[in-house]
Amino acid sequence: MLTSLRGIALSSLYGKLFDNVVLMYYSDKLTTSELQFGFKAKSSMSQCTFVLKESLAYYINNNSSVSCTFLDATKAFNHVNYSKLFKLLIRRYLPLLLVRIMLNFYISNFVRVSWCGYFSEYYLATNGVKQGRVLSPVLICVFLDELLHALSEAKVGCYIYR
């Protein structure tokens, strides 16, 4: 039961302002594959489900066997590796000053657990994006985008609109 708990960042006004400025000026450098459906504007998981159902129906109606592989990303926010994430942001040509500021937000991220009025000692969070931050869903998409590109380049599976 306790494994389902996740932290939420209570973001300061300055953090929210910073995230919105990054999105306003650099969203073109943070765009991700059209194969991603979650955490994106004008996209939803129902679209993903529709694509999956239609793909399965196509193969079943043509008497072909079909297999699926799924990625459980329910705790994706908690497992983002900082060094990998910030290397990806640098490769996307985000200004180094912005990357350095974001890195500072993360490497100095001390947290504590609050449960029923009791508080743990502070400890350093060493991975994961901050749930509750404006930029975090975008960072998750950037982090997973490399995996989607690698899967696409592997040229296995079915192709839609190609």
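The model is predicted, so local features need pLDDT of at least 70 and side-chain atom pairs count only at pLDDT 80 or more, while totals for chains, interfaces and linings use all residues. Residues are numbered from 1 along each chain as its sequence is written, and side-chain values use heavy atoms, with hydrogens and water left out.

Helices (H or I, at least four residues) and strands (E, at least two) are DSSP runs, numbered from the N terminus. The protein has five helices and four strands, and their order along the sequence is α-α-α-α-β-β-β-β-α. With contact meaning heavy atoms within 4.5 Å, 66% of the contacts between residues at least 6 apart in sequence join residues at least 24 apart.

Buried means under 20% relative accessible area, exposed over 50%, and partly exposed in between (1.4 Å probe, protein chains only). Of the 162 residues in the protein, 25% are buried.

| Helix | Residues |
|---|---|
| α3 | 82-91 |
| α4 | 96-107 |
| α5 | 136-153 |

In α3, the residues Y82, L85, F86, L88 and L89 are buried. Because they cover an arc of only 155° around the axis, they lie on the same side of α3, the arc being that of the directions from the helix axis to the C-beta atoms. The cover over these buried residues includes α4 and α5, whereas the face of α3 turned away from its buried side carries the exposed residues K87 and R91. After α3 comes Y93, which has a positive phi near 65°.
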